[in-house]
Amino acid sequence: MEKVAEEKAASRWRPGDTPVPWLLPLALVLVLVFVYPILEILRLSFTDASLVRPEYAYTLESYITLLRSPDFLSTLRITFIFVFASVVFQVLLGFIIALVVDQGVRRGLRGTIVTRTAVLSAWAIPGVIIGIIWSILYEESAAGILNHLANLVGFGSIPFLSEPNTALASVTVANIWRGTAFSMILIYAGLQTLPEDVLEAAKIDGANAWQRLTRVMIPLLAPVLFITLIIVTIETFNTFDMVMALTGGGPGRGTEVIALSIYYQIFQQLNLGRGAAAAVMLLAVNMIITFVYLRYIERRQGIE
Amino acid sequence: MKSRRVGRRVLSRNASGISRRDFLKLSGAGVAGLALMGVAGCGPGDELQETLQWQAIPSYSLEGTDQARVEYLQEAIARWEEEHGYTIEPLVTVADIGAANARLLEQASQGRAPDTAMVDSYLFPRFYEHVQPLEDLGEGVSLDDYFPFAQDLMTDDAGEVRGLMFTTDVRVLYYRRDLIDTPPASWDEVLELGRDLANEGLDAYLFPAGRDEATMTTTVLPLFWSQGGELTDEEGNPVFAEGANREAMINVLEYIRSCVQEGITPQRVTTYGLETDLNGDAASGNTAMFHGGNWQVSMLQEIVGEEEFVEQWGVAPIPAEDGSSFATTSGGQMWGIFTEDPEKREAAISFLNAVFVGDEGMTGWCNVGGYLPPRETVFDLPEYEGNEYTDSFREHLDQYARVRPAAEVYESISAEMQVALSGVITGETEPEQALDRVAAAVGA
């Protein structure tokens with residue numbers, strides 16, 4: 001009798017028997033706020049939908065128009081220049097700052113915490129505020145800070161934001177300033193994990209500072225650097241707020257990156273179909289980068 | 001034996017061992033309870049009949065950051081609620097007015113619009129089919145009180161009044177009285193005077209030419225309209241790149257290019273997307289003339305001082321090509337009533353009249369917000385405060401004001417023209433080439 005009761009109790013389903021009930025709320029939230037919007041954007045990209053007309057038709061026209069448009073190709077070119085320059089310098093400067101701070105800590109120098117905090121503050125400031133700060137610096141009238149300094153040393157007025165090429169450089173510099181801190185944090189964390197004995201051994205073996213850096217530290221840091229590169233690349237592709245506040249994409253389309261172009265298509269020109277198609281292309285770029293990242297992680301796990 | 005079994009059962013319950021049936025029962029009861037609560041909350045009870053939904057963008061709502069406006073709204077709403085027994089349900093939409101209108105139109109087309117909502121006046125014709133016709137505009141208000149451009153916006157093609165305009169604005173030429181005796185009326189006069197002023201080291205003539213709507217409303221359209229140009233035809237098709245309109249638009253681009261090439265206008269105007277972006281230049285003392293909006297008066301008076309500003313700056317019509325056919329852009333905000341319930345519609349008219357549209361309401365809201373009243377009769381009320389430039393603004397509203405076309409293609413024309421103008425100013429494109437690109441992009 002007791003055995004039967006025990007068997008019955010054992011056969012009774014418990015929510016704790018399976019992870020499904022615990023994962024279900026998260027899965028529901030993800031489906032609602034992530035999967036559904038993506039599917040909806042994908043669907044809308046194959047329509048001629050407008051934000052102000054309820055009726056629409058399914059078509060490939062959004063993609064065809066977009067890919068044939070010289071403006072969109074120019075936006076892609078500008079985005080790639082912006083992303084490439086931003087990523088290279090963010091990772092490079094982040095690495096240098098992390099190395100300097102790390103060496104400072106190892107040698108017990110004062111001011112390393114202040115340096116870390118100062119660099120981190122750039123990362124903590126919202127993009128819109130950074131856009132406004134840099135627009136004050138770049139101001140081209142007599143009130144502009146950088147132009148005032150340029151005039152003092154006899155350079156004359158520099159069209160930081162009103163000339164397309166200089167504007168793209170100015171926006172990229174502002175973005176490098178903003179994003180360097182994030183790279184620094186990741187790389188600094190990576191530096192803390194380097195095995196002391198290996199570094200000591202290299203030193204005892206007579207390796208100079210440059211050799212220790214290039215032949216020991218960088219190879220050991222490679223996984224961290226790679227992950228930093230991937231994250232920073234995705235983040236830079238999605239940059240919108242700072243460019244919006246700094247130039248609004250101008251002059252002309254001189255600084256119109258793809259995320260900003262999507263915003264203009266949908267909310268300024270009310271062209272939901274074409275905006276969705278551009279968003280799908282940005283999503284594709286990000287997915288390719290994420291795929292590369294996942295493959296790398298898989299390979300590393302396989303090696304380990 | 002029994003007690004052990006009970007004990008085990010209690011133990012297993014404590015270990016969350018509920019049966020699948022119990023689990024489903026509990027879930028079902030929960031869902032049913034929630035549904036009942038929802039039904040009770042959404043049912044057509046008496047209480048909801050007395051609630052009136054009122055939707056505005058943040059700066060026109062109780063969630064605004066300007067304390068004086070919020071206090072005015074709180075007092076006026078409380079007074080009206082007390083008198084009429086209704087409760088106002090304030091709904092706040094997004095700050096971006098273009099996005100707010102787009103969402104409202106989407107809601108209206110699906111029959112989900114609030115009882116009454118704020119609409120950008122130039123877009124109002126798109127809402128004609130969704131808003132209710134208004135036979136009565138409220139106590140003491142008649143269509144004839146309004147400026148002609150406002151009457152056109154408020155009335156649909158069948159002649160029925162569909163909305164209540166409650167604020168307006170106008171663009172003008174601001175010029176330095178101490179530097180300029182007679183403000184330039186024609187483009188040639190601007191160029192001639194501008195050369196002299198530029199030779200004195202001044203920024204002679206500024207205007208917005210960046211990536212935002214002011215480039216169109218405050219720079220391109222007044223210059224284009226002054227030559228008789230039209231952006232769209234009556235059906236809303238783009239015609240700005242055809243015939244005389246094309247010539248007029250190319251003239252605008254060439255005129256602006258001349259201003260920049262001759263050093264009258266600095267190239268940095270391509271970074272100015274809003275009228276207020278020019279405030280720094282206007283206050284710097286190095287600017288002689290600029291295209292701006294009426295709302296900049298109070299801002300600039302705060303920066304440079306009230307008396308000093310009035311002493312230094314005068315206003316005149318935005319120069320026309322021929323020096324006489326002036327045109328300017330006007331805008332403003334409108335209330336649309338969407339509710340089909342006749343009682344609520346009546347309540348909405350009464351509410352809007354008391355807070356925004358009637359003599360007291362319009363005077364109160366325009367005074368506290370620094371707006372121009374779209375009802376010309378309000379200018380004559382002693383309670384309306386205005387400023388030293390109010391008479392000029394009134395004259396411009398009456399004689400030169402026009403509104404942007406409500407056609408769906410307008411947003412595309414505006415966005416592409418902003419890019420085209422920047423290209424011409426930076427020398428990347430020729431005026432004709434720039435216009436052709438705009439035409440191709442919008443399918444003109």
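This is a predicted model: local features need pLDDT of at least 70, side-chain atom pairs count only at pLDDT 80 or more; totals for chains, interfaces and linings use all residues.
Over all chains, the structure holds 29 salt bridges.

In chain A, Asp241(A) and Arg178(A) form a salt bridge whose closest N and O atoms are 3.4 Å apart. Asp241(A) belongs to helix α11 (residues 241–246) and Arg178(A) to helix α8 (residues 164–192), so the pair ties together parts of chain A that are 63 residues apart in sequence. Asp241(A) is partly exposed, with a relative accessible area of 23%, whereas Arg178(A) is buried, at 18%. Both positions fall within residues 76–293 of chain A, where an unreviewed UniProt entry places the feature "domain: ABC transmembrane type-1". Over that stretch the chain is 78% helix and 0% strand, and the C-alpha atoms at its ends are 22 Å apart.

A network of salt bridges involves both chains: it links Asp71(A), Arg253(A) and Glu256(A) with Arg211(B) and Glu416(B).

Chain B is assigned two domains, domain 1 (47–161 + 330–399) and domain 2 (177–326 + 404–442). Their centres, taken over C-alpha atoms, are separated by 30 Å. In the contact between them, 13 residues of domain 1 meet 19 residues of domain 2. Together the two domains of chain B bury about 1300 Å², with 56% of this area on carbon and sulfur atoms. Tyr122(B), Arg126(B) and Tyr389(B) supply 51% of the area that domain 1 buries against domain 2, more than any other three residues. Arg126(B) also forms a salt bridge with Glu411(B), in which the closest N and O atoms are 2.8 Å apart. The count of salt bridges between the two domains is one. On the side of domain 1 that touches domain 2, helix α15 (residues 390–399) of chain B gives the most, with three residues.

Another salt bridge in chain B joins the side chains of Glu230(B) and Arg402(B), at 3.1 Å from N to O. This pair links distant parts of the chain, 172 residues apart: Glu230(B) lies in the loop between α8 (213–225) and α9 (243–261), and Arg402(B) in strand β9 (residues 401–402). Glu230(B) is partly exposed at 32% relative accessibility, and Arg402(B) is partly exposed at 28%.

A polar atom of its side chain lies 2.4 Å from the backbone oxygen of Asp359(B). Beyond residues up to four places away in sequence, Thr363(B) touches Gly358(B), Val378(B), Leu381(B), Glu383(B) and Tyr384(B).

Technical notes:
Residues are numbered from 1 along each chain as its sequence is written. Chains are lettered from A and ligands numbered from 1 in the order in which they are written. Side-chain values use heavy atoms; hydrogens and water are left out. UniProt positions are given in the numbering used here, feature names are shortened, and annotations may be inferred rather than shown by experiment. Helices (H or I, at least four residues) and strands (E, at least two) are DSSP runs, numbered from the N terminus. A polar contact is a pair of N or O atoms within 3.5 Å; within protein, one must be able to donate a hydrogen and the other to accept it, and residues adjacent in sequence count only if both atoms are side-chain atoms. Contact means heavy atoms within 4.5 Å. Domain bounds come from an automatic or database domain assignment. Buried area is the accessible area (1.4 Å probe) that two parts lose on being put together, summed over both. A salt bridge is a side-chain nitrogen of Lys or Arg within 4 Å of a carboxyl oxygen of Asp or Glu. Buried means under 20% relative accessible area, exposed over 50%, partly exposed in between (1.4 Å probe, protein chains only).
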